[in-house]
Amino acid sequence: MTATPPRPLPHDNDRSAAADAPGIGRRRLLGIGAGTALAAGSALAWGGAPAWASGSGAASGTAPDATVGFGAGTGRWRARFTSPEAAYAPKFRWWWPNGQVDPGEIAKEVDAVADAGCGGLEVSDVHHSGLLTLDVAGHGWGSEPWLAGLDAALTQAVRRGITIDLTMGPSWPAATPTITPDSDAASCELAHGVATVSGGSAYSGPVPASSFAPSSGVTRQSLLAVHGVRATGAAVKGITPLDASSLVDLTSTVSGGQLTWTPPTADTWVLVSYWLRGSGQQPEAGPFTTPTAYVVDHFSAAGTKAVTDLWDSTILTPRIRRLLRGAGGAFFEDSLEIETSSTVWTPALVAEFRARKGYDVMPWLPILVQLKGKYQFTYDAATTSGVRDDLNAVLSDLYRENHLLTLRSWAHDLGMELRVQPYGLQTDSIDYAALLDIPESESLGFKNLDDYRVLCGGRDLAGHTKLSCESIAYANGAYSTTWHKALQTIGSFYAGGVNQTVVHGFAYADAPGATWPGFAAFSPYNQTGIGYSDAWGPRQPTWGHMPDIAGYMARTQFALQTGVQRYDLLFYRQKGYTATGIGAPWSTNSGIPTGWTHSFASDAVLTLPGVAVDKGRLAPAGPSFGALILGPDQFGGNICQISSQGAGVLLRFARDGLPVVLLGDWSAPVSTGKAGAAEDARVAAAVAQLLKEPTVVQVADQSQIPAALAQLGVREAVRYDTSSLMNVHRVDGAVDLFYLANARHAENRVISRIDQTAWLTPVDASAVPYRLDAWTGEISRIAQFTRQDGRIGVRVALDPGESTLVVLAAPGWAGEPGAAQVTATDADSVRLDGPAVVLRSATAGAYSATLADGSVLRGDVGALPDPIALDRWTLAAEDWQPGASATETLKPVVTVQLDGLLPWSQLPQLQDSSGVGRYTATVDLPDGWRGAAGAVLDLGSVSDTFRVRVNGHRVPPAGVLSTTVDLGSLLRPGRNVIEVEVATTLINRLRTVTPSIYGIAARQAYGLLGPVRLTPYGEARAR
């Protein structure tokens, strides 16, 4: 690529003009955060304490003004919750067909995202769709047209007050066209060859060639070593056992590529050669550039420098640098998907291994080599496991030091943050989550909510705020994903600790070869498959309702980024892996369903500055863990092993008063890795001392953990009867916020509606509960609650995937006058109107409310009309169809009179239609309706998103997961018009438009399905 000369900055895009630009949540233009955010995060690498430890309230990865928390009272916080800044709103992956983009269309798409209430876009060249014919030579990633598109995106983002994130290279993993597979900076592998020598015969011939031919573009390789090793038996499941003591280094006997050797015994021996060469890996779904981009070595300084050098010389013109300071959010890297046919390697690994682990890795190469991710040889189990763990630890350190920290510093110099999915290999994701500005997870690749909690451990102990998630990608879900399904997923991973979503994804409008409704990065997948969901944007009928969904997500994320997250339990992990689906003993299956919360930590984060014990809690100003649980190594054969550093840290914590539970038989623990007898002895001594501490209890199996916690005086902050309810607890000063969700631990779990009491423990004993409605922004005092044993009991009634936000704060926190506490009522519900208690019921009669002081208030609900079933509707449906181009959509309206509600798929006029349907019903209400204070409209079943209007007035959104809408006083005696607007997916139409791709999908049951029922309610002020 050639460097792009600086271009003049247009007058309407200077920083002063941008600061006054219209748009929701206008963003500050003087770099990221509030000025201190990056300093806090950067300090972690050099010994700085997390923000919560210093009491500053600022943290890396925070949004603007994050220090203005709910602990200071509503005031500004109430306004911000109602209308959060764009920094809190969901973002989208923005898929580009390389540089085949039009700057005008780019600006329109930025506007579309901003108008929908979303907070940003991540530019990513992804095109797994097999239909495309892209001009890589003239319009590749980083080309002049691509840079023009980036300029347009940043310019418009500044004007609209949203952010633009940038992937570190074309697609993933990070790659650059400035290297070849033979370059020192390129990703490399240790390939091996094998020859078998038996019966005492001699071997004479060429050094065994590698078992896999090198990838295209790899032209050179160097011989690292040749070993002869005696086999101790036949291969079992492809793995041959070897005698470690028999290894003979034959490297020095190789001459001219030839080797002659006779084994010392008549047994079966194997000759293993090791070849260092480039892997030739290209980023996913390439090529993206001319010349071809190759994946860099993520474990060497040279590999990372190749990436940053390209940006500095080619992409980051003076103008782009200025625009990034106004609209730039973060540089992003996807998960660490380093793919080789052989063993992941880096040229300096042999020297680095010796320096870090104190022994030579060379004799252990036979048990380290792999073919397509599978080991080929083994020594004894303990040694093999220890050496492999040591190798993974060294790679983990090299990735951290040479790649992540280097990129973080480089990004900060540009006024940007670093957001990375820090997993993919057997490396310490908890450590990485502690050093990244924004660690990211993914709903497709993560197997359950504990995979998110692993990353929370690093984030929270380091004092960061955000855990991002690549959200709602489903296999074969393109154009059929409903927001009903998506919001169930989102509501659940919020319960796992996520508080920022990057939705997968928003596709650029068009590309050569694309078919209606336009370019989609992942559909059709490799020409034939339906592909991964979804291509959101104006092409989708539900996009018109996106402001409602974005508002809900922004308010929830704003709440979940306020204060600090608190936990009951911390599980020590010998290895910080994630995306494994392996949960915590007892707590995952039994503790979470009754209210307990937990997170995870590895050695790296337990030694962060400020992580200490005070008054029985670990990091009390931060995540404030009430107890630590140490169990066997779940990734190491469930052996009771721990590093000597970890054992020493746990001993110090216990002596400082932290309750600790040891799970399993720790009478003879060993050290992690291949540490040797002396290190094993140190671990055993430290654990023996640990077991003597009065704050430590050992249990034989996980069923005994609850009794051990009770013995240690540890109790959960939230308690409820066993159910699918989950909670996130955040604290800001003397104010508690609880996110309560009817959540799925894993995507395939089936859950039902819940209606139960949740018992919440407040920081302030005088606190009262408030409910925060993330769909409307309303904050209200909860009238009915109970105090018991230092807890506050509130009713939680949620459909699957639904959530609610409850704040416990001092009376008057929401600015309300003094109000009574209702402890019981025979009415359907009670609410507060100023200091007054209002009784509500759908049935006439006398009702009462008992107050906390034992007094009883009473009120009468007068006669009410009968509920009304709404069966007759007029449906005017926009039938979305392809127009003259891949991006043009025709929307003819089909009108259907319905005497009973049926899905579109059962209506002959609409069975293959997709679009937006507007249902209208006219209902004449009797004069007796004057006695009703309001009415509830129960829509029954709806697919997918919906909005309701009554007599021309829009009803505030009630959510997608619940179809019961409070109409308040919008109805009146006489004629009333009720309108329900329903938006669908596109799959039913695409089944007929592109049957070769989408024809295998079943028709979805679209529309207002009902049964629909209108139920009046009465209210009475209790006296």
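This is a predicted model: local features need pLDDT of at least 70, side-chain atom pairs count only at pLDDT 80 or more; totals for chains, interfaces and linings use all residues.
Mentor: A cavity is a set of grid points where a 1.4 Å probe fits but cannot get out.

Trainee: How many cavities of 30 Å³ or more does the structure hold?

Mentor: The structure holds six of that size. Take the second largest cavity as the example, with about 110 Å³ of space. Its lining is made by 16 residues, and those closest to the centre are D548, F946, P957, A958 and G959.

Trainee: Which elements give two or more residues to that lining?

Mentor: Helix α15 (546–560) and strand β52 (945–950) do. Strand β52 supplies the largest share, four residues.

Trainee: How do the lining residues of the second largest cavity divide by class?

Mentor: Ten are nonpolar, three are polar and three are charged.

Trainee: Now the pockets. How much space lies in the second largest pocket?

Mentor: A pocket, unlike a cavity, is an open set of points. The second largest pocket has about 750 Å³ of space. Its lining has 32 residues, with K357, A393, Q574, D603 and T672 the closest to the centre.

Trainee: Which elements give two or more residues to the lining of this pocket?

Mentor: They are α10 (349–357), α11 (381–413), α17 (603–606) and α18 (644–655). Helix α11 gives the largest share, which is six residues. By class, the lining of the second largest pocket has six nonpolar, 15 polar and eleven charged residues.

Trainee: Helices α10 and α11 are both on that list. What describes a pair of packed helices?

Mentor: Two values do: the angle between the axes and the distance between them. For α10 and α11, the axes cross at roughly 105° and come within 10 Å. The pair is therefore roughly perpendicular. The α10 side of the contact is L349, E352, F353, R356 and K357, and the α11 side is D390, L391, A393, V394, L395, D397, L398 and E401.

Trainee: What classes make up the contact of α10 with α11?

Mentor: The contact has seven nonpolar residues, six charged ones and no polar ones.

Trainee: Where does α8 (residues 301–315) stand relative to α11, roughly parallel or perpendicular?

Mentor: The axes of α8 and α11 come within 9 Å and cross at roughly 25°. Angles under 35 degrees count as roughly parallel, so α8 and α11 are roughly parallel to each other. The crossing is right-handed.

Trainee: Which residues meet in the contact of α8 and α11?

Mentor: A301, T304, T308, W311 and D312 of α8 meet N402, H403, T406, L407 and W410 of α11. By class, that contact has four nonpolar residues, five polar and one charged.

Trainee: At what angle do α18 and α19 (residues 677–692) pack?

Mentor: The angle is about 15°, and the axes lie 9 Å apart. That is why α18 counts as roughly parallel to α19. The contact joins S644, A647, L650, L651, A654 and R655 of α18 to E679, V683, A686, V687, Q689 and L690 of α19. Its residues divide into eight nonpolar, two polar and two charged.

Trainee: Is the crossing of α18 and α19 left-handed or right-handed?

Mentor: The crossing of α18 and α19 is left-handed.

Trainee: Let us turn to the backbone. What are most peptide bonds, cis or trans?

Mentor: Most are trans. In this model, W172 and P173 are joined by a cis peptide bond with omega about -10°. P173 is placed in the loop between β3 (163–167) and β4 (175–176). The peptide bond from H504 to G505 is cis as well, with omega near -5°.

Trainee: Where is the place of G505?

Mentor: G505 belongs to strand β21 (residues 500–507).

Note on methods
Residues are numbered from 1 along each chain as its sequence is written. Side-chain values use heavy atoms; hydrogens and water are left out. On a 1 Å grid over the protein atoms alone, a cavity is a set of points where a 1.4 Å probe fits but cannot get out, and a pocket is an open set with protein on both sides within 12 Å along at least five of seven lines; lining residues have an atom within 4 Å of a point. Grid points are joined across faces, edges and corners, and a volume is the space filled by probe spheres set on the points. Ala, Val, Leu, Ile, Met, Phe, Trp, Tyr, Cys and Pro count as nonpolar, Asp, Glu, Lys and Arg as charged, and the others, Gly among them, as polar. Axes are lines fitted to C-alpha atoms, for helices over the stretch in contact, and angles run from 0 to 180 degrees between N-to-C directions. Angles under 35 degrees count as roughly parallel, over 145 as roughly antiparallel, 65 to 115 as roughly perpendicular and the rest as oblique. A crossing is left-handed if the near helix is turned anticlockwise from the far one by less than a right angle, and right-handed if clockwise. Contact means heavy atoms within 4.5 Å.
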